[in-house]
Amino acid sequence: MTELRVRKVEIRGVPLIGYMRRLVDRGKLFPARIWEGKKVGVTYETNMGKTIGRIDDFRDIELTPSLHPGAFKQTFVDGPVLERAERILRETPALRGRMVPIEEKPMDWEGLDFSIRPSHAMFYAKIKKGEQWPRADLVPYEEIGIMPSAGVLNYGQGLFEGMKAYWSAAGNIVLFRPEDNAKRAQEGAKRLSLTPVPVEYFIDAVKRVVMANKHLIPPMGKGSLYIRPLLLGTGQILGVQSAPEHTFIVYVSPVGPYFKGGLTPIKLLVSRKYHRAVPGGTGNVKAIGNYAAGIKPSEEARSNGYAEVMYLDAIENIYIEEVGAANFFCVKDRIIYTPKLRGTILPGITRDSVITIARALGYKVFEKRISIDFAMQADEAFCTGTAAVVSPISSIVMEERIAIFNKGKVGPISTRLYQDLTAIQEQRADDPFGWVREIG
Ligand code: PLP
Ligand code: COI
């Protein structure tokens, strides 16, 4: 028999009436309006159906109406409220008998691409600038209230992270080097005057969101659950200053490959016109504004048949920096080269993993300035990232010049690094560097 699991509890009415009463007491509402047209109750949504419960069972639950201004309900998607709901449903046959089966379409895991799909739950915590991050509940993945004068909307005070959870060959739900994402987000927070999120807190939020959306993790080989932590200056501010309120969110979406075709080599366009970052800017952190500036260059490249733009340094316009949202590597005479981190390049976690694996395999890896001329003479090229994994590059075009690598096919060293990295990530091989975290 299927074990009953409660996925969602929606509480409407009574505790909010307490909240509404306070408004009434302050003369802000007429008592009659509290009840008009409002159902009072609890709705349980489970893996077996839906039913209406008794509000009395939840009288002591503290609600946070301010989270959803104007909504007279609160929805719980994890924590003690769900545990209590499960107990009540198990112990009350009359309630179970009233359950209306939910029609659930099985997920179609075939042909997943890198696009957003609605999920069940997200993490949401909000503080006054500089305060400690509080214990917070998961909430449904839905709109968040934000004022037009929020710092992030006006001045782009925000950063994000990109991570993945997936089923491994050993049958575990795993994360890859999540501490490094958390630490990078802390560096970004300092650069953008946001309140850093402690590493443990960050990882705990990620784990809870992943586990609450476990049913959205694609089966092995079909994709992964992309995790998007966001740290935003959401308070109102008119001058260019740090917003007085900061919000940390973690949401997820099941995804397939970032570049269409997975390990199919991609064509890149080198831009001499656009730059991604300047020394002293924010290129080395995942500031949201960095990505806004890349949209038009990427669109232009895509409309001309390229997968992405490759950026050069902003001073001399010669040295390779990055590929859209991934780090660049090339191979010449079996030596691996990647641009040195000098403040304008994002320190990719996949980049670091590939360097570590390559060195352990006995390859020389040089982190140095790489001119576009040098890269165009390379034997192989590829780019790395959480979304991109190891994506081989078939050709690079700059103005009238074209470089084709390994006759447009995936090179042997790129293939080896892809295989070794994904074998560690998917627990098909040992994890000598201690990178994989089992969370379920
Ligand atoms: N470079 C940029 C600009 C990125 O946005 C990303 C993606 O996160 C990367 C590189 C790759 O970083 P990571 O390997 O940590 O995902
Ligand atoms: C990632 O690789 O996780 C990224 O952040 C890329 C993203 C901009 C799509």
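In this predicted model, an open sheet is built from 4 strands in the order β3-β2-β1-β4, and their pairing is antiparallel. Two of these strands, β3 (50-53) and β4 (73-76), form the edges, each pairing on one side only. On average, and with direction ignored, neighbouring strands of this sheet are turned by 20° against each other. In general, strands of a sheet pair through backbone hydrogen bonds, either parallel or antiparallel.

The pairing of β1 with β4 can be followed in detail. Strand β1 covers residues 6-12 and is joined to β4 by 4 bridges, with the two strands running antiparallel. Ile-11 stands opposite Gln-74, a residue of β4.

The model also holds two ligands, taken here in turn.

Around ligand 1 there are 16 residues, and those that come nearest are Lys-286, Tyr-291, Glu-322, Thr-350 and Thr-386. By class, this shell has 5 nonpolar, 7 polar and 4 charged residues. Which atoms of the protein lie 2.5 Å from an oxygen atom of ligand 1? One is an N or O atom in the side chain of Tyr-291, and another is an N or O atom in the side chain of Thr-350. Ile-349 takes part through its backbone, where a polar atom is 2.7 Å from an oxygen atom of ligand 1. On its own, ligand 1 has 380 Å² of accessible area, and the protein covers 97% of this. The elements giving two or more residues to the shell are β15 (326-332), α9 (349-360) and β18 (380-385).

Lys-286 places a polar side-chain atom 2.7 Å from an oxygen atom of ligand 2. Backbone N or O atoms also lie by an oxygen atom of this ligand, at 3.4 Å for Thr-386 and at 2.9 Å for Ala-387. How much of ligand 2 does the protein bury? Taken alone, ligand 2 exposes 280 Å², and the protein buries 90% of that.

| Ligand | Residue and part | Distance |
|---|---|---|
| ligand 1 | Tyr-291, side chain | 2.5 Å |
| ligand 1 | Ile-349, backbone | 2.7 Å |
| ligand 1 | Thr-350, side chain | 2.5 Å |
| ligand 2 | Lys-286, side chain | 2.7 Å |
| ligand 2 | Thr-386, backbone | 3.4 Å |
| ligand 2 | Ala-387, backbone | 2.9 Å |

Technical notes: Residues are numbered from 1 along each chain as its sequence is written. Chains are lettered from A and ligands numbered from 1 in the order in which they are written. This is a predicted model: local features need pLDDT of at least 70, side-chain atom pairs count only at pLDDT 80 or more; totals for chains, interfaces and linings use all residues. Side-chain values use heavy atoms; hydrogens and water are left out. A residue is near a molecule or strand if one of its heavy atoms lies within 4 Å of it. A polar contact is a pair of N or O atoms within 3.5 Å; within protein, one must be able to donate a hydrogen and the other to accept it, and residues adjacent in sequence count only if both atoms are side-chain atoms. Accessible areas come from the Shrake-Rupley method with a 1.4 Å probe; for residues, only the protein chains shown count as cover. Ala, Val, Leu, Ile, Met, Phe, Trp, Tyr, Cys and Pro count as nonpolar, Asp, Glu, Lys and Arg as charged, and the others, Gly among them, as polar. Two strands pair if DSSP finds at least two bridges between them. Axes are lines fitted to C-alpha atoms, for helices over the stretch in contact, and angles run from 0 to 180 degrees between N-to-C directions.
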